[in-house]
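Please look over the sequence and the structure shown below before reading on.

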Amino acid sequence: MPALSPRMHGIHASPASILRRRARELRAAGRDIIELSSGNLDFATPDHVIAAAHAAALRGETRYTDVDGTRELKRAVRAALLRDRRLSYAQDEIIICNGSTQALFNACRRRWRWVTR
């Protein structure tokens, strides 16, 4: 096994991911489980979102994006926030994450980096 930095040895599965895994195991074993460990949506992905993702894939948009989201997605989020909530944010005030765990990690990690410099 390759040598890892000591910092890497401190990374473990989050308690929420452990609970999700256990809930899946219990469901597979036939148990009736109500899982409250994560914020998974309780509705299917809307058809227009699936269509947009499919169209983007057909255009070749299948590579990794900027860590904080594409300019186009940020523009769409800004427009939706203004239209639906009357909230106005600058482009650099919007960060796209794949979930709350990543958002919290990014926020804490960034803060810690500032503190430790």
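Is Cys 108 buried, partly exposed or exposed? Cys 108 counts as partly exposed, at 34% relative accessibility, where buried means under 20% relative accessible area, exposed means over 50%, and partly exposed lies in between (1.4 Å probe, protein chains only). This is a predicted model, in which local features need pLDDT of at least 70 and side-chain atom pairs count only at pLDDT 80 or more, whereas totals for chains, interfaces and linings use all residues. Residues are numbered from 1 along each chain as its sequence is written, and side-chain values use heavy atoms, with hydrogens and water left out.

**Cysteines**

- The structure holds 0 disulfides, a disulfide being a pair of cysteine sulfur atoms within 2.5 Å.
- Cys 97 is in no disulfide, and the nearest cysteine sulfur, which belongs to Cys 108, lies 12 Å away.
- Cys 108 is likewise in no disulfide, its nearest cysteine sulfur being that of Cys 97 at 12 Å.
- Cys 97 is partly exposed, with a relative accessible area of 28%.

**Salt bridges**

- Side chains of opposite charge can pair when their charged atoms come close.
- The structure holds 5 salt bridges, each defined as a side-chain nitrogen of Lys or Arg within 4 Å of a carboxyl oxygen of Asp or Glu.
- One of them joins the side chains of Arg 22 and Glu 25, with 3.4 Å from N to O.
- Arg 22 and Glu 25 are separated by about one helical turn, because they are 3 residues apart in helix H1 (residues 15–28).
- Arg 22 is partly exposed at a relative accessible area of 45%, and Glu 25 is partly exposed at 41%.
- Another salt bridge links Glu 35 with Arg 27, whose closest N and O atoms are 3.5 Å apart.
- Glu 35 counts as partly exposed at 23% relative accessibility, and Arg 27 counts as partly exposed at 37%.
- Arg 59 and Glu 61 also meet through their side chains in a salt bridge, at 2.8 Å from N to O, and Arg 59 is exposed, with a relative accessible area of 55%.

**Helix H2**

- Helices (H or I, at least four residues) are DSSP runs, numbered from the N terminus.
- Helix H2, which covers residues 47–58, has 12 residues and reaches 16 Å from its first C-alpha to its last, close to the 16 Å expected at 1.5 Å a residue; the expected span is 1.5 Å times one less than the number of residues.
- After H2 comes Gly 60, whose phi is positive, near 95°.

Definitions and conventions
Helices (H or I, at least four residues) and strands (E, at least two) are DSSP runs, numbered from the N terminus.
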